[in-house]
Structure formats: structure tokens, C-alpha cells
Amino acid sequence: MEKVPRKKTRRPLKGRTVLLILLCCAALAGVGLYLLRSQPVSLPPIGNRETVLLFSRPQEDIVAVAIAPKDGTAYPLIRQGSSFALMGREDEKLRSDILDDLLISLTELPVENTVLENLTEAQGLRPADFGLDPALARVTVTYADGEKKELRVGNLTPDEETPQRYCMVSGSDALYTILEADSVPLLRDMDSLRDFAQPSLDGSLLDRIEVTGQVEWALHYTPSGWQMDAPFSYPLSTLRTDALLKKIESMGFAACLGKAEKLNLSDYGLDAPALTVTLTQAATVITGETAEGQQVSVPVPETVYTLLIGHETGKSGVYVQWQDQVFTASNFLLGFWKELEPLDYLLQTPVNLLVNDLNEVRFTRDGITRSYQVRMVEQVTENNQIAVDEYGRVLYDCAVNRAGETQDMDAEAFLSWYTRLASIAGDGRLPDGWVPSGESRAEIILVNDHLTRTVTLWPYDALHDAIAVDGVALYYIRNTWLDEIGEAP
């Protein structure tokens with residue numbers, strides 16, 4: 001028979017042990033209450049059987065609006081004719097789009113949900129639990145008949161697919177939510193009202209871009225593509241630079257803080273900016289039509305713009321100085337400057353000139369150089385007429401003359417070989433500071449009206465050649481590539 005284990009009897013707890021357990025329970029309860037208080041309060045909404053409007057009087061009845069942000073300067077707006085102005089600064093022009101958004105919210109602001117009918121009767125809950133004491137913003141509207149209504153806007157509600165904010169309105173103890181999108185005009189600070197001109201740049205007119213500070217980069221435009229000047233000279237990818245120009249064209253600011261000369265630039269990190277960006281826009285001519293229908297042309301000289309990038313604002317934004325004014329801007333529109341990686345813009349296919357942008361190609365291998373003169377000639381029809389496309393544009397053919405020959409060679413043979421030549425592309429990066437030595441394996445020289453580019457292949461290791469562009473070696477390629485492209489025609 002197996003032995004039956006003897007059941008152990010529990011000893012009674014001593015008085016001191018009981019006291020320790022009670023103290024631990026009390027401490028845990030206190031911690032739990034603290035954690036509960038520190039978390040966003042989540043209450044199921046009662047819902048609204050009918051639409052509730054926090055503001056429902058027409059705009060014409062409003063004579064004043066006072067906005068007091070929690071983390072900003074309170075400011076009053078007073079009626080001035082059919083619009084509004086900052087009290088004491090009536091001559092200062094305000095942004096009509098920002099002002100219109102605010103007045104629309106103050107004319108008709110719908111409740112999204114009613115969370116509590118009476119917050120004061122809810123046990124254990126206070127306005128502070130919802131970011132309403134102090135409120136994120138207090139908005140007081142004064143009407144022509146003397147009535148005043150105050151709205152307090154608080155925290156975001158937790159776990160909502162559509163972001164909402166808690167709010168309360170004077171004359172009611174109910175706790176509501178409104179859509180966050182509807183709260184945005186009510187949470188803007190005074191600076192966002194100041195009128196200013198957004199930058200208006202045309203990427204196709206930019207001639208030069210220079211960046212100094214945390215990033216050192218300089219590049220200039222040529223008709224054959226952008227060329228990097230610093231930190232070293234190298235051709236740049238058209239696809240990448242076009243994307244950069246689009247970002248530059250899309251630059252925009254959120255709010256104007258005022259003239260740089262009247263501000264303490266160190267407060268914004270603009271006395272020693274992280275980046276200084278200089279944009280040079282080429283001279284151009286703007287054409288237009290007057291009200292009388294007359295065509296006019298206005299010459300615009302070369303213009304240099306300066307952008308300074310300062311501290312982060314702490315609200316997904318950054319302080320910037322554009323020309324002589326200081327702004328805040330979102331990182332979404334301006335943050336790309338701080339993320340610049342100049343090496344990401346390098347051209348990895350250096351034989352990239354189109355045939356219609358070529359004057360000459362020289363190819364040297366094993367001590368033998370072949371030179372080809374390239375030109376575009378007008379197509380001629382069977383009737384000895386100049387050929388045009390459906391839009392009336394002249395059509396051209398490529399003509400190639402091999403040096404030392406009196407007649408043009410077979411253009412198709414050249415074009416087929418040049419297409420293979422253009423396939424040269426780096427398979428990987430060379431170590432920093434690598435310097436070629438010995439005899440080069442091949443040299444390709446491209447010439448047009450704007451540049452002369454030299455691409456040289458140097459021995460790198462047993463399997464690869466290094467590619468140097470105008471003397472700068474950054475990439476390597478398999479050393480079988482020269483055999484793959486075949487003999488020069």
C-alpha cells in the first residue's frame with residue numbers, strides 16, 4: 001500500500017503578520033488609485049438622440065471672441081466692420097482662412113457624444129480628469145445682446161477611431177466630446193492668426209542650392225542634370241533631385257512670429273541655426289494679361305532666398321527664419337531639410353546622357369581610342385519634305401561619324417553599343433578614401449555643349465573594377481562588364 005501523505009495543518013497568523021498584510025493591501029490600493037488617476041478616463045458615451053450644438057447663433061451676433069490657450073498667450077478678437085481684428089492691434093492684418101475657420105466653429109459647433117449629463121454628480125470624477133481644469137483652451141464668445149458663452153476644450157478621448165476631445169460649456173454641467181478636427185480652430189495660438197506670404201518657389205527656375213551647418217552640401221543646375229559641388233564634385237540623380245525640388249516647391253509655414261530683428265533669435269535656435277539653406281532662383285520673365293486684355297511681360301531678376309532651420313517647437317514642428325521673418329513650420333513640410341543625406345542623391349549610372357544631348361563619345365581600351373561625333377539631323381519624307389509629328393514638331397534621326405572617316409557610320413550599330421555602355425552601374429560602394437593605382441582598364445568620355453564627363457574603370461580586386469567619375473571613385477562593378485558590352489563599333 002502506498003503511504004497517504006499527511007495533510008499539513010496551517011498555523012494561525014500572528015498579530016504582527018496580519019498588520020503587515022493590511023498595510024500592504026492599503027499600499028497596493030493607493031498605487032492602484034494613483035495609476036487609475038494617471039490614466040486617461042474612459043467613459044461610455046450616453047449618445048445623443050438629436051444634434052446638440054454648443055454654439056448656434058449666427059456670426060453677425062458675435063461682437064468679441066477671447067481665446068486663452070493653456071500654453072500660450074490669451075488674445076481677444078473684436079468685431080471690426082464685417083470682420084474681426086486683434087484688440088489693440090487693429091491695424092495688423094490677419095489670415096482670412098484661419099479666421100473663417102474659427103468663426104465657422106463658433107457659429108455651429110456640434111456635439112459628437114454626451115459622456116455625462118452631470119459631471120458634478122459623478123462620484124470620484126473631476127474636470128481635471130478630462131483636461132478641463134485647467135483647460136487646454138478657454139474660448140469665450142460675447143454677443144451683441146450681452147450674452148456670453150464659454151467653452152472649455154480638454155484632452156483627447158482614449159480609444160476612439162475618430163479622434164475626439166472632451167469639452168464643457170458654460171451654463172451646463174454636462175461633459176461632451178467634439179471632433180478633434182472641429183477643435184483645431186479653437187486651439188490655435190495668436191501667432192497663427194498673423195497674415196504672411198507663403199514661399200512661392202518654382203523648382204524649374206532654381207539654379208543653385210547650398211546647405212551649411214549640420215549638413216554641408218552644394219549643387220547647381222545644368223541642362224544635362226544637377227551637379228554636386230560639395231562635399232565633392234559628382235553628378236546627381238535626376239529622379240532624386242526632381243523629388244527634392246517638389247519638396248522645396250511644397251514648403252509652407254504654419255505661423256509667423258514676426259520680424260527677426262524684433263525677436264530674440266536664441267529663443268528659437270536661430271542665432272546658431274542647425275542648417276542654413278541658400279536657394280538661388282534664376283532670372284525669368286513673367287507674362288500675363290492686364291484687365292484691358294493687353295499682354296505684358298515683366299522681367300524678374302535673379303533672386304537669392306535664405307532659410308534658417310532652428311529648434312524643434314515640441315509640437316511636431318520647427319522654428320525657421322525665411323528671409324527676414326521667423327515662422328513655425330510642421331516637420332511634415334520642412335523636416336526633409338534635417339533628413340538630408342547628400343550621398344543618397346549621387347548618380348549611379350554615369351553614362352546617362354541621351355543621344356540628343358551628345359556631341360561626342362570617346363572610348364579607350366587596351367591603348368586604343370575610338371571617337372564618335374554624334375548629331376541630330378532632320379528626318380526627310382519620300383517627297384523630300386521635313387517630317388513632323390501630329391503636333392507639327394520636326395522629327396530627327398541620329399547621325400554618327402567615326403573619327404577619321406568621311407562618311408557616317410551605321411547609326412543603329414552605334415546606338416545598340418551606346419545602350420550597352422549606358423548599363424554601367426555600381427554594384428556596391430568602395431571603402432571611404434580608396435585611391436586607384438596602376439593602369440586604368442578603360443575610359444569613357446562624354447561631351448556635349450554643357451559638360452565633359454570622364455568615366456574611368458580601375459582594377460579594384462580579383463572580381464571587380466572601380467568606377468571613377470571625373471576622378472572621384474565611389475562604386476565598384478563586376479570586372480566582366482567590359483567584355484559584356486562587346487567591342488566598340
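Is R188 buried, partly exposed or exposed, and what is its relative accessible area? R188 is partly exposed, with a relative accessible area of 22%, where buried means under 20% relative accessible area, exposed over 50%, and partly exposed in between (1.4 Å probe, protein chains only).

The structure is a predicted model, in which local features need pLDDT of at least 70 and side-chain atom pairs count only at pLDDT 80 or more, whereas totals for chains, interfaces and linings use all residues. Residues are numbered from 1 along each chain as its sequence is written, and side-chain values use heavy atoms, with hydrogens and water left out.

**Two arginines**

R188 lies in the loop between helix 3 (180-187) and strand 11 (206-213); helices (H or I, at least four residues) and strands (E, at least two) are DSSP runs, numbered from the N terminus. R165, by contrast, is placed in strand 9 (residues 164-169) and is buried, with a relative accessible area of 12%.

| Residue | Element | Relative accessible area |
|---|---|---|
| R188 | loop between helix 3 (180-187) and strand 11 (206-213) | 22% |
| R165 | strand 9 (residues 164-169) | 12% |

Contact here means heavy atoms within 4.5 Å. Not counting residues up to four places away in sequence, R188 touches I67, Y75, I98 and D101, and its C-alpha atom is separated by 9.1 Å from that of L102, a residue 86 places away along the chain. With the same exclusion, the residues that R165 touches include L136, V153, Y176, E180 and L187, and the side chain of R165 reaches the backbone oxygen of G154 at 3.1 Å.

**Helix 2**

Helix 2 (residues 96-107) has 12 residues and reaches 16 Å from its first C-alpha to its last, close to the 16 Å expected at 1.5 Å a residue, the expected span being 1.5 Å times one less than the number of residues. Its buried residues are I98, L99, L102, L103, S105 and L106. Seen down the axis of helix 2, these buried residues fall within an arc of 155°, so they line one face of the helix; the arc is that of the directions from the helix axis to the C-beta atoms. The face turned away from this buried side carries the exposed residues S96 and I104.

**Nonpolar cores**

A nonpolar core is a set of buried Ala, Val, Leu, Ile, Met, Phe, Trp, Tyr and Cys residues joined through side-chain atoms within 4.5 Å. In the largest, which has 67 residues, I248, L279 and W337 touch the most other members. A second, separate core of 30 residues includes I62, L94, L99 and V111.

Methods:
Polar contact = N/O pair within 3.5 Å; in protein donor to acceptor, adjacent residues only side chain to side chain.
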